[in-house]
Each structure stands twice: as structure tokens, then as C-alpha cells.
Amino acid sequence: MTNITVQLRCRNVGPSPTCDPDGLRSLVDLTVGETAVLAGVCGLAEPDSGRRLYDLGFAPGAPVSLVRTSPLGGPRVYRVADYEVALRASEARCLRLL
Amino acid sequence: MNHGHSHGGINVAPEAGTLRFALVGSPNSGKTTLFNALTGLRAKTGNYPGVTVARFEGTTAAGGRTAVVEDLPGAYSLDPISPDEQVVCDVLDAENDTLAAPDALLLTADATTLRRNLNVIAQVMGLELPTCVVLTFGDELARRGGALDVVALERALGVPVVAVAAGEQAGLQRLQERMAEPGTWARPVVPPPTDPREVGPWVDSVLAAAGFRAPGADSRSRRLDDVLLHPVWGTAVFFALMFAFFQVLFTVAAPLQGAIETFFGWLGDLSATHLPGVLGRFVSEALIGGVGGVLVFLPQIVLLFLMISLLEGTGYMSRAAFLMDRVMGRFGLEGRAFVAMLSSLACAIPGIMATRTLPSARDRIATMMAAPLMTCAARVPVYVMLIALLVPDQYVGPFRLQGLAMFGLYVAGAIAAMGTAAVFSRIAGRRSRGLPFYMEMPPYRAPSPRSVALSVWDAAKGFVKKVTSIILITTVLLWVALSLPLRGEAELERAGVDTADDAAVAAYTLENSIAATVGTSVEPVFEPLGFDWRINVGVLASLSAREVFVATMGQIAAAEDPEDPGAALAEMTWASGPNEGEKLFTPGTVAALLVFFIFALQCFATLGVIRRETGGWKWPAVAFGYMFALAWVFGWLARTIVSAL
């Protein structure tokens with residue numbers, strides 16, 4: 001494994017330790033067109049998934065907005081880091097907002 | 001610098017001193033378009049050792065010399081979450097000896113998403129390999145109101161940055177000139193940070209120094225998505241597109257396939273007339289028939305791959321997957337698997353090849369194992385024949401009973417496919433990590449015609465090369481089993497066969513062939529399903545291709561009653577054993593046969609393609625095995641239930 005991968009595996013992409021994660025809203029609470037600032041990832045079963053969301057641009061401090069929903073609980077389209085990406089509710093729930 | 005390492009079966013100009021470049025970058029960054037522009041038809045495809053990941057390597061001109069370029073799988077990060085991204089890490093790992101290490105890296109980055117891409121740029125720069133950033137979609141950045149100073153970016157990053165635009169030669173040439181001397185490329189004094197708290201400020205400072213202004217949202221894509229992602233209109237457009245596509249498939253591909261069959265039939269007759277006796281029949285039926293049997297798939301593969309390429313290239317594939325994700329998610333798959341499953345309604349082969357669009361290896365395997373259960377076109381002639389034997393030609397209200405039965409078989413295939421996908425997904429998912437679902441929705445872009453053409457060409461070429469040998473060998477073996485041992489005239493006369501009647505001779509030979517011996521010997525296996533050795537021969541023969549069943553049963557029936565084989569089939573009785581004298585095609589037996597054909601994997605071409613896509617024989621064996629088991633069990637159930645009715 002490269003040194004880089006080893007370093008990257010140790011990354012912590014959660015909200016700042018001083019804030020209480022359960023008191024924060026998550027991406028699923030956004031309404032269409034609303035923009036909010038990300039606090040970080042918490043509550044995911046797999047830590048890999050959290051780092052992946054970070055690498056996709058869902059970094060602490062990044063502005064996120066909800067572009068589109070789909071009926072019957074399908075994935076939703078979010079705008080982050082100047083591009084659009086669809087996430088399911090299970091992942092969106094773990095992305096906390098400031 | 002030539003590292004004599006394994007190339008996974010690809011041998012690309014390994015002279016001493018050949019530079020080796022690896023193309024890295026996130027998906028949708030124009031990486032494959034760049035690869036095609038650099039290597040064109042000189043690219044070869046294979047598999048990375050031990051994984052279900054395709055490998056693309058080619059050669060290109062780099063300032064007067066020839067260089068090797070490897071198109072690594074798209075990766076959002078060097079912190080891998082899938083086998084594809086693990087391959088990227090393995091190739092870039094200096095300590096990994098099983099894969100050839102590159103001398104320098106070409107890192108594609110979409111200028112419109114530069115903020116996000118700087119994350120992976122920072123990671124790749126940390127590898128301390130000579131790296132050149134290749135900036136793509138700069139024209140789109142400007143069009144959407146963004147701005148970027150490329151020279152300032154190069155200064156801020158500390159590595160060379162070359163801007164290229166699709167279809168424009170100047171940028172490509174500048175890149176190729178740079179590729180001549182990777183040793184002279186600037187390297188950053190200090191590698192960029194990887195800790196999340198430091199990366200943010202680093203990205204901000206680089207973007208500020210490069211005068212980056214973010215592009216606005218793409219208004220054209222927004223307006224298109226308002227329709228195409230609308231839950232009602234979007235789904236309607238999607239199904240209309242799929243329907244229109246299948247219409248094209250049947251009006252264009254079907255006649256082409258017919259023409260190919262006719263041509264090979266003519267060629268076969270020609271060789272049968274000009275070559276003596278058995279040799280003539282061998283060449284015409286086994287060899288020419290075998291090659292024709294491979295090429296007849298080409299029109300479907302070309303058309304289906306053209307559709308899939310266009311869907312991917314324009315960006316519409318993510319929209320289709322978005323619409324279908326909820327439904328597919330119920331069965332443990334994701335939205336992108338829908339296109340692969342749908343393609344399998346025509347033929348499982350392009351459907352299986354389409355699983356390349358799925359990022360998760362677990363999803364790829366689950367879809368590949370399930371796709372052959374979708375009711376493909378080859379099953380239809382068999383269903384028609386068997387439905388005629390089982391279902392009366394009556395009407396239920398406005399609906400024809402036989403038509404309803406056919407529709408029911410299609411539904412059964414779909415249910416079997418989705419159920420199987422769910423099971424495999426669970427089995428494969430237990431061992432591997434769950435992949436979080438995310439799907440980039442790129443702006444709608446016009447696909448590069450060259451990339452589309454190369455993608456179709458690669459699919460067709462790969463299919464013909466890898467599958468021909470399997471189909472040819474199995475066709476020959478089957479021909480041998482069905483036609484040998486040969487019967488001399490004296491022997492035929494002693495058996496009471498009219499030697500002038502070719503059909504009678506063929507039937508006698510068939511009934512006493514190696515295949516018939518095998519068919520008789522496996523009778524104990526199939527007896528609970530109600531099959532006798534003649535049906536067994538038909539089933540064995542159709543292992544190569546399902547539609548062969550109809551022809552084989554026809555041959556056998558013609559022996560009994562050359563005037564009306566259809567009636568002979570219906571009236572056929574058991575020749576020996578406990579049921580001697582009883583009718584063979586009882587409703588229970590026909591039901592068992594129908595169900596057997598729903599499940600059994602009777603297509604060597606499909607096995608060949610699964611082998612090609614997974615890089616080994618394990619998964620084709622699993623597919624064949626589990627489908628045979630399901631076919632037997634459900635066939636027996638069908639016979640038991642129908643006989644009791």
C-alpha cells in the first residue's frame with residue numbers, strides 16, 4: 001500500500017469535536033434550493049463511506065444545496081464543490097449541517 | 001525504463017527505453033477521451049490479474065519516441081473504496097511488483113470542477129512521481145461564466161499544467177511534446193497536505209492564486225433535467241427511448257442477422273457440395289456453422305453498444321440510473337444495472353458487457369449472474385414450440401391464451417433475474433465492504449464521436465476474438481457427438497433404413513450417435529422431469545444455443561413421420577423403460593421443459609463473455625451450475641404440479 005493511502009485512511013472527516021452531532025440538521029432536512037454549510041460526517045456504519053463522501057467534496061465548511069428530489073424516497077441531487085451528485089437518503093442522513 | 005513486469009496478458013511494444021505513462025483522474029473528467037485521442041486504434045484491452053476490472057493500454061507518439069499509455073480506472077481518491085480504485089493504488093504503488101509501475105503520470109482534471117479535483121490532485125502529487133495535470137473542458141468553463149489562469153495554476157501547483165480541448169489538436173500536441181521528457185517536469189518543493197483541516201485552506205489558496213472563478217450551473221442541463229428527471233415525464237421519456245431503441249434493434253439488427261445467417265448457410269451449402277461426404281458436412285455444419293454462429297451476434301452487439309456508449313457519453317446514463325435506482329435498490333442493485341438487464345431482453349451478451357458501467361464489482365457480478373435469466377430472443381422459438389404442445393389455442397376474453405402464456409414466461413424470466421440478483425448481491429456483499437451509493441450527474445455534453453466509435457469497435461472486436469474459439473470448439477464437439485459414429489450403407493440397409501432418403505439416414509445416425517448414447521446415459525438425471533433420451537439429446541444440443549432445440553427435435557420427429565413432424569412430436573411415446581408406450585410430451589413434461597428453458601444457461605457464447613468480463617472460469621462455472629440446479633428443481637416442481645392438476 002502506498003504511503004499516501006495509509007495517510008488517507010487515517011483521516012478524520014467528522015464535525016469539529018466541540019459541536020454536538022445529534023443536535024445538527026442533516027442533508028435530508030434541506031429543502032429544494034436551500035443552501036447550507038456542512039459540519040462533517042457522522043453516524044455512518046462504515047468509516048470508508050465517510051472519507052469517500054469527503055473526497056466527493058462534502059468537506060467540513062463546504063456549502064451544499066439541494067437541487068432535486070425524487071418521489072417515493074429515491075435518491076436526491078445535491079450541488080457541492082461546483083458540481084451535482086445524487087445521494088441516497090441513507091448517506092445524506094449522515095452529512096451534518098452547521 | 002522498462003520494468004519487466006506482468007502486463008496482464010497485454011504485450012505493448014516493450015522495447016528498452018520505452019516510457020510508460022499512466023492516465024489518472026476522476027470519472028467524467030475526459031480521461032478516456034484523452035486516452036483515445038492519444039492511442040486510437042493502437043489500444044488493447046485485457047483484465048487486471050485476479051479482478052473483474054478491465055485494462056486499457058496503448059501506444060502514442062511522445063516527441064518523436066513511442067510511449068506506452070495505460071488508462072487507469074477512474075478514481076475520486078487514492079483512498080480506494082472499490083476494486084477499480086484499488087487497482088489504481090496498486091499500479092501507483094512503487095512497492096507492488098506484480099504490476100508494471102509507470103514512469104510518469106498524466107492527471108486529467110475537469111476545469112469546471114477544479115475545486116473538487118484539487119483534492120485528488122493533492123493526493124497524486126504526494127506520490128512523488130513526475131505528474132502533469134491535463135486540464136479538460138476549459139471551453140465549457142468559459143461558456144458557463146467561469147475563469148482560470150492556466151499559467152498561474154501551474155505556478156501555484158508546482159507541476160506542469162496543459163490545457164486540452166476535445167477535437168483540438170494544438171493542446172494534444174503540446175501534451176505529447178511534454179511527454180517526451182518527464183524527467184524535466186517541475187516538481188513541488190513540498191508535497192501538498194492530506195489532512196482535511198489543511199487541504200481546505202490549500203485548495204482555497206491555489207484557486208485564488210490561479211484566478212479561478214467557479215462556473216455557474218449549466219442552464220441547458222438544468223432545463224433538460226427538469227423534464228428528463230421529472231418523476232412522470234422523465235420516466236415516460238426513458239421508456240419511450242428504450243422502446244424506440246428496441247424497435248430499431250428489430251428493424252435493423254434482425255434483418256442483418258438474417259443476412260449473415262443466409263450468407264453462412266450459402267457458404268455452408270457451397271462447401272457441402274464441393275467437398276466430399278463427411279468432410280463437406282463437417283466444414284459446412286461445424287466450422288462454417290460455428291463461425292457464423294459467432295458473427296450472427298455482431299449486429300446486436302454493435303447496436304446495443306452504440307446505444308450504451310451514447311447514453312454514457314451524453315451523460316444521460318446517470319439520469320436513467322437516477323430514475324431506476326429505487327426499483328433496482330429493492331433487489332440489491334443500483335440504477336445503472338437497469339440498462340444491462342434491459343439489454344439482456346434482446347441478448348444477454350451485450351447486457352453482460354454493459355455491466356462495465358457499474359462501479360461496484362459486487363453489482364457487476366450480481367448483474368452478470370442474473371442477466372442470462374432475462375428472456376432472450378433465442379428462447380422464443382423454443383417457447384413457441386412448447387406452448388403449442390401445452391396450451392390450447394383458445395381465447396380468454398380478448399386475449400389469446402398462448403400469447404398470455406408467452407407473456408407469463410417473460411415475466412417469469414424477469415422475476416427470476418431480479419430474485420437471483422438480490423441473492424447474489426447478498427452473498428457477494430457479505431465478504432466485500434458495502435459501497436455507499438453516489439452518482440455524479442455531469443452536465444449534458446456531446447460525446448466525442450471517436451470515443452463512441454472506439455468503444456463500439458472495442459466491444460465487437462473483443463467479443464469476436466475471445467468468443468470465437470469457445471463457440472468453434474463447442475460447435476465442433478457437438479457436431480461430432482451428433483454425427484458420429486458414421487453408418488455404412490450395409491449397416492443402414494440391415495437396420496431397414498432407406499439409404500436414398502437423406503432425412504432417414506440423418507435420423508438413424510442421430511438416434512445412434514454419441515450424443516444419443518450420452519442422452520440415454522443421463523436418463524436417470526432427467527427422468528424425474530419426464531424427459532426421455534430424445535429430449536435429452538435436444539437439451540444437450542441446445543447447450544450451445546437454445547434455438548438448436550427446435551431443429552434437433554424436428555430432426556428426431558422427422559424420423560418418425562417425415563410427412564408431419566409436428567404431429568409426430570405430439571404423438572411421440574416412450575420407447576422403453578417404466579413408461580413404455582405412454583405419451584412422451586405430457587403436460588407435466590412440457591411444463592418441465594418450459595421451466596427448464598427459463599432457467600438453464602444454454603448458451604456457450606454467454607459463458608464465453610462472462611469469462612472474458614471476469615477474467616477467469618470461476619464465474620461462468622458458477623453461473624452454469626446454479627442455473628442448471630434451478631432449472632432441474634423448478635422443472636421437477638413444474639411437472640409435479642402440472643401433472644397433479
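**Exercise 1.** Determine which residues of helix 2 of chain A are buried.

*Solution.* Start with the cut-off: buried means under 20% relative accessible area, exposed over 50%, partly exposed in between (1.4 Å probe, protein chains only). Helices are DSSP runs (H or I, at least four residues), numbered from the N terminus. The buried residues are A:D48, A:S49, A:G50, A:R51, A:R52, A:L53, A:Y54 and A:D55. Helix 2 spans residues 47–55, and eight of its nine residues are buried, so it is largely enclosed by the rest of the structure. Just after this helix, A:G57 has a positive phi of about 115°.

This is a predicted model: local features need pLDDT of at least 70, side-chain atom pairs count only at pLDDT 80 or more, and totals for chains, interfaces and linings use all residues. Residues are numbered from 1 along each chain as its sequence is written, and side-chain values use heavy atoms, without hydrogens and water.

**Exercise 2.** Find the residues that touch the most other members of the largest nonpolar core.

*Solution.* A nonpolar core is a set of buried Ala, Val, Leu, Ile, Met, Phe, Trp, Tyr and Cys residues joined through side-chain atoms within 4.5 Å. The largest has 111 residues. B:F297, B:M341, B:I349, B:F531, B:F549, B:F585 and B:L593 touch the most other members. Helix 26 of chain B (residues 587–599) supplies the largest share, ten residues. Apart from this core lies another, of 67 residues, including A:A62 and B:L107.

**Exercise 3.** Decide whether B:L637 is buried, partly exposed or exposed.

*Solution.* Locate B:L637 in helix 28 of chain B (residues 618–644). Its relative accessibility is 34%, so B:L637 counts as partly exposed.

Technical notes: Chains lettered and ligands numbered in written order. Helix = DSSP H or I, 4+ residues; strand = E, 2+ residues; numbered from the N terminus.
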